[in-house]
Amino acid sequence: MTSLDEEELKKLWERTVERLFREGIIKSEAVRRAFLKYPRYLFVEERYRPYAHVDEPLPIPAGQTISAPHMVAIMLELSELKPGMKVLEIGTGSGWNAALISELVKTDVYTVERIPELVEFARRNLERAGVENVHVIPGDGTKGFPPKAPYDRIIVTAGAPKIPEPLLEQLKPGGRLVIPVGRYHLWQDLYIVDKDLDGRIRKKVWGGVAFVPLIGEYGWRE
Ligand code: SAM
């Protein structure tokens, strides 16, 4: 495909967003607005921009992926984000999901990425997109990010072999963790994990998903 100008990219993106909304994958006005404010083409390398509206994962540096728009919408809707919530994301990748979260919570967002090249990639993308309240933290997100804990929401965008204990500990009572968990590297069930006000943990499975592995002390071993 020859390179498209910004106007054409914007039109293609708007069509994708409207389709996701019509199909009920994007459910709320808030998520719809966030998608329109931060189009996916701002978070991929130049050569992938013409494909950013396609509802599939796309490559980002270091052999990782930016998730498909429908998957990001599903996880954001399941997270039920509200302004003022303190959110931790694990797996910054391109920074796109963190930008969307920041638009929904309208406050600081913390996101952890283990691959230094992606920490830089995400920071560049976020700066170019004009996102100021996302803090990209280099490190192993399976240990969470204790300095800002506890969190109202923790959203994990890589597949874990089991729910990392530190993430449960860093969740507020009344908080929610959304995380893909599976026995295989590339296939998982998407779990919604709620911590009751009395600290009890309740788990529900939303359905099958396919994420790159969560690698770290409480994840897959390298
Ligand atoms: N949320 C991202 C976005 O909006 O582009 C997509 C995330 S990509 C599917 C998964 C990311 O998780 C990769 O960038 C990978 O390096 C990262 N990752 C894997 N294990 C991790 C860990 N233990 N801590 C932090 N990041 C991790």
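Helices (H or I, at least four residues) and strands (E, at least two) are DSSP runs numbered from the N terminus. The model is predicted, so that local features need pLDDT of at least 70 and side-chain atom pairs count only at pLDDT 80 or more, while totals for chains, interfaces and linings use all residues. Residues are numbered from 1 along each chain as its sequence is written, and side-chain values use heavy atoms, with hydrogens and water left out.

At least two shell residues each come from strand S2 (64-66), strand S3 (87-90), helix H4 (96-105) and strand S4 (109-113). Of the 27 residues around the ligand, Gly91, Ser94, Glu113, Gly141 and Ile215 come nearest; a residue is near if one of its heavy atoms lies within 4 Å of the molecule.

Polar contacts are pairs of N or O atoms within 3.5 Å. A nitrogen atom of the ligand lies 2.9 Å from a backbone N or O atom of Gly91, and a polar backbone atom of Gly141 is 2.8 Å from a ligand nitrogen. For the side chain of Thr157, an N or O atom is 3.1 Å from a nitrogen atom of the ligand. The protein buries 99% of the 600 Å² that the ligand exposes when taken alone, with accessible areas from the Shrake-Rupley method and a 1.4 Å probe.

Four aromatic pairs are found in the whole structure, where rings of Phe, Tyr and Trp (its six-membered ring) pair if their centres lie within 6.5 Å, and planes over 60 degrees apart count as edge-to-face. One of them, Trp13 with Trp96, is edge-to-face, at 5.8 Å centre to centre and 75° between the planes. Trp13 lies in helix H1 (residues 6-22) and Trp96 in helix H4, so this pair ties together parts 83 residues apart in sequence.

Conventions: Polar contact = N/O pair within 3.5 Å; in protein donor to acceptor, adjacent residues only side chain to side chain. Phe/Tyr/Trp six-rings, centres within 6.5 Å; stacked < 30°, edge-to-face > 60°.
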